Amino acid sequence: MTNERRRIQPRSMNSLFFLFSTGAWVSAALVLRSKNPVHSVFYLVLTFLHASGLLLLQGLEFFALLQLLVYIGALAIMFLFVVMLLDIPATEIVAHQRGTYPVAGLLFLTLLIAIFGVLWQPMEKSPFVTPLLPEVASLPKETFLETSWQAASTAHSPLAQLGVALYGVHVDLLLLASLLLLVAMMGAVALTLKRRVHAPLHDVFVQHSVDFQKVVSKVQA
Amino acid sequence: MIEYIGVFVYFLVATLLGLIMFGLAWKVAPRRFDLEKVTAYECGYDAFGEARSPFDVGFYLVAILFLVFDIEVAYLIPWALGGVLSGWSGLAALLLFLAVLVIGFIYEWGKGALDWN
């Protein structure tokens with residue numbers, strides 16, 4: 001960000017940040033509090049909306065819109081599907097019988113690890129630095145990190161820089177992501193596909209091109 | 001990010017309008033609670049069970065596949081603006097990314113996951 005943009009940020013940015021962050025944790029608390037699971041999913045959508053606002057305040061417009069599209073448009077819908085598929089009174093009784101402390105303990109451990117990871121950054125330099133940009137591949141690594149990105153940041157939009165970064169330096173992460181999506185697709189099909197009945201498969205085109213006048217014929221007067 | 005203040009004002013006005021509509025309707029409508037009005041009607045008997053019908057799991061598969069391909073499109077959007085700048089190696093990266101996902105798509109198509117609709 002240049003100095004001009006940093007100068008004209010008014011005080012409303014602070015109050016907007018307070019508004020969105022307070023709204024986010026209040027909505028999250030309401031997710032936990034509501035007895036109706038559909039209401040919980042609604043409050044989850046509200047949490048995602050507040051998080052999208054926070055991303056917009058950070059200057060990440062692409063990710064704010066992506067949050068709306070992917071998190072609310074796909075993830076919250078999937079949560080809603082799961083809520084619809086479950087038989088809630090029976091699930092609640094079984095949950096009370098089995099006890100919630102093991103699962104809660106595991107999730108609390110995960111939260112502790114996440115907080116620890118936020119406060120202590122284990123690796124400053126990634127071992128996966130792969131400068132694949134052809135015009136800078138011959139340059140030494142220090143000049144690559146100093147000059148090319150500065151030139152790119154003034155000449156192109158942030159989204160174009162993201163494209164250059166994603167398909168250039170961090171291409172290994174992109175291919176890992178594609179493998180992850182492949183696993184997700186195959187897993188979904190393997191888990192939810194019903195056994196297809198051995199019914200005859202009709203070719204629709206052949207069906208449509210049958211001449212209807214020849215279908216019915218008179219056998220006897 | 002001050003240039004998006006218009007979007008925020010739009011959201012505020014839309015929320016305010018929605019709240020005014022809900023609030024006025026809630027204030028004006030009569031609310032006389034009666035046990036018969038609130039309970040489910042099943043020809044005079046008490047409710048036999050939950051009012052849900054069995055749910056076809058094919059809908060869930062469609063939702064998951066939509067999510068996966070939506071994320072694929074989200075990875076393709078930065079390419080649309082900055083992909084040409086990343087040269088031939090960037091193109092190779094894109095083709096590898098798409099090839100892996102096309103393999104998954106062929107698997108689904110062959111398995112018949114796209115068929116029943």
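**View 1. The interface of chain B and chain A.** In this predicted model, the area buried between chain B and chain A is about 4800 Å², with carbon and sulfur atoms giving 79% of it; buried area is the accessible area (1.4 Å probe) that two parts lose on being put together, summed over both. Contact, defined as heavy atoms within 4.5 Å, involves 51 residues of chain B and 59 residues of chain A.

**View 2. The side of chain B that touches chain A.** Helix 3 (58-82) and helix 4 (87-111) of chain B each supply at least two residues of this side, and helix 3 gives the most, with 21 residues; helices are DSSP runs (H or I, at least four residues), numbered from the N terminus. By class, this side of chain B has 35 nonpolar, 7 polar and 9 charged residues, where Ala, Val, Leu, Ile, Met, Phe, Trp, Tyr, Cys and Pro count as nonpolar, Asp, Glu, Lys and Arg as charged, and the others, Gly among them, as polar.

**View 3. Helix 4 of chain A against helix 3 of chain B.** The axes of helix 4 (residues 61-85) of chain A and helix 3 of chain B come within 10 Å and cross at roughly 170°; axes are lines fitted to C-alpha atoms over the stretch in contact, and angles run from 0 to 180 degrees between N-to-C directions. The two helices are therefore roughly antiparallel, a term for angles over 145 degrees. Residues making the contact include A:Phe62, A:Leu66 and A:Phe81 on one helix and B:Phe59, B:Asp70 and B:Ile77 on the other, and the contact divides into 20 nonpolar, 1 polar and 1 charged residues.

**Notes.** Residues are numbered from 1 along each chain as its sequence is written, and chains are lettered from A and ligands numbered from 1 in the order in which they are written. Local features need pLDDT of at least 70, side-chain atom pairs count only at pLDDT 80 or more, and totals for chains, interfaces and linings use all residues, while side-chain values use heavy atoms, with hydrogens and water left out.

Technical notes: Parallel < 35°, antiparallel > 145°, perpendicular 65-115°, else oblique.
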